[in-house]
Amino acid sequence: MDPMPTKKMLIINILEILQKYSDVNHRLTQQDIIKKLADEYNMTVDRKAVKRNIMKLIDAGYDIEYTEAERIGKTGEKEILYTDWYYNRRFEDSELRLLIDSLLFSKHIPYSQCKELIEKIKGLSSIHFDAKVRHIVNLPENMPTNKQLFYNIECIDEAIEKGKQVLFKYAYYDIDKKLHIKSDNSIPREYLVNPYQIVATNARYYLIGNYDKYDDVSHYRLDRIVDIEVTDNAVKPMRKVKGLENGLNLPTHMAEHIYMFSGNSIRATFKAKRYLVNEIIDWFGMDTVFSNETEEDVLVTVKVNENAIFYWLLQYGQHVEILQPNDLRNRVVKTFSEINKKYE
């Protein structure tokens, strides 16, 4: 048989009740709290004890709200009634739902870890929030995952903070649907990388850094990194990396690297259908330049990674026509020509 609860636990039990059952839309009276103390903790207390302990919690810094109401007591004198107690949460339910949706939309977090994170987020609200998210569709279990992802994030964060290089192997999926380590003559290739920033784009985590034996910017998917370690080597200064001489302007960098390809950025001009303007701004950002617009078409100029704009043009080929630079135009025309021949 469980021992009788001690009064010393009363304040903790009241806090747990407020955290579990109350929010701005579900407030508790002192009688509600008294009943839950009896039902869940086998504790019998009066209203004064409840109020006294809640006030102690407020004095200790817990964000608990309540309503003061004036009433006439049994003696005919006015007295203040404290009611509608609730725990004022740091996150609104809409914000928690946004966090959960972000996890659901991600493609890089392993299934089991994603479910655990969602349960933890749900725990930041009351039990009433759980009812709001029960209709969420189950997570797919057939997506490729790397269980080292969170460890990779921790290591890279540590390396960036300490200004150290990281050493890791890089993997890829083959037709057997398993991760394989990139190798040179069957010897696993090791990447000594200068880490500068972790970013999330296209539902993936990427490391923006520099492969130490080269002088340009490289991007690595964190869910493809394995066996990572933080070295004692000092990180290469950004000013020595081509494209980062003036530091990393993250918004500009992300707008130019829409698919996170490495390589040089170019200034490209293409003609696009007017109905594609929303998509163009979503992909290339607010630095996009529009000109020579007509009712049907508009001229678009962007600064973007050359490989990224090539694949983007293939994706939107029926709606755009690349004009400059000429070598990119020729590359796109040649590719479409080869595709058409294949299906003739």
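Two residues are in contact here when they have heavy atoms within 4.5 Å of each other. Among contacts in this protein between residues at least 6 apart in sequence, 63% join residues at least 24 apart. The model is predicted, so local features need pLDDT of at least 70 and side-chain atom pairs count only at pLDDT 80 or more, while totals for chains, interfaces and linings use all residues. Residues are numbered from 1 along each chain as its sequence is written, and side-chain values use heavy atoms, leaving out hydrogens and water.

Let us start with the whole protein. It has 11 helices and 14 strands; these are DSSP runs numbered from the N terminus, helices being H or I with at least four residues and strands E with at least two.

Now find the open sheet of four strands, ordered 12-13-11-14 with antiparallel pairing; strands pair if DSSP finds at least two bridges between them. Strand 12 (289–291) and strand 14 (320–324) are the edges, each pairing on one side only. Further in, strand 11 (residues 265–273) and strand 13 (residues 297–305) pair in the antiparallel sense over nine bridges. Look there for Thr 269, which stands opposite Thr 301 in strand 13. Helix 10 (residues 306–315) packs on this sheet and touches strand 11, strand 13 and strand 14.

Elsewhere, helix 4 (residues 93–105) holds Leu 99. This leucine, Leu 99, is partly exposed, with a relative accessible area of 37%.

Definitions and conventions:
Axes fitted to C-alpha atoms, helices over the stretch in contact; angles between N-to-C directions. Buried < 20%, exposed > 50% of the residue type's maximum accessible area, 1.4 Å probe, protein only.
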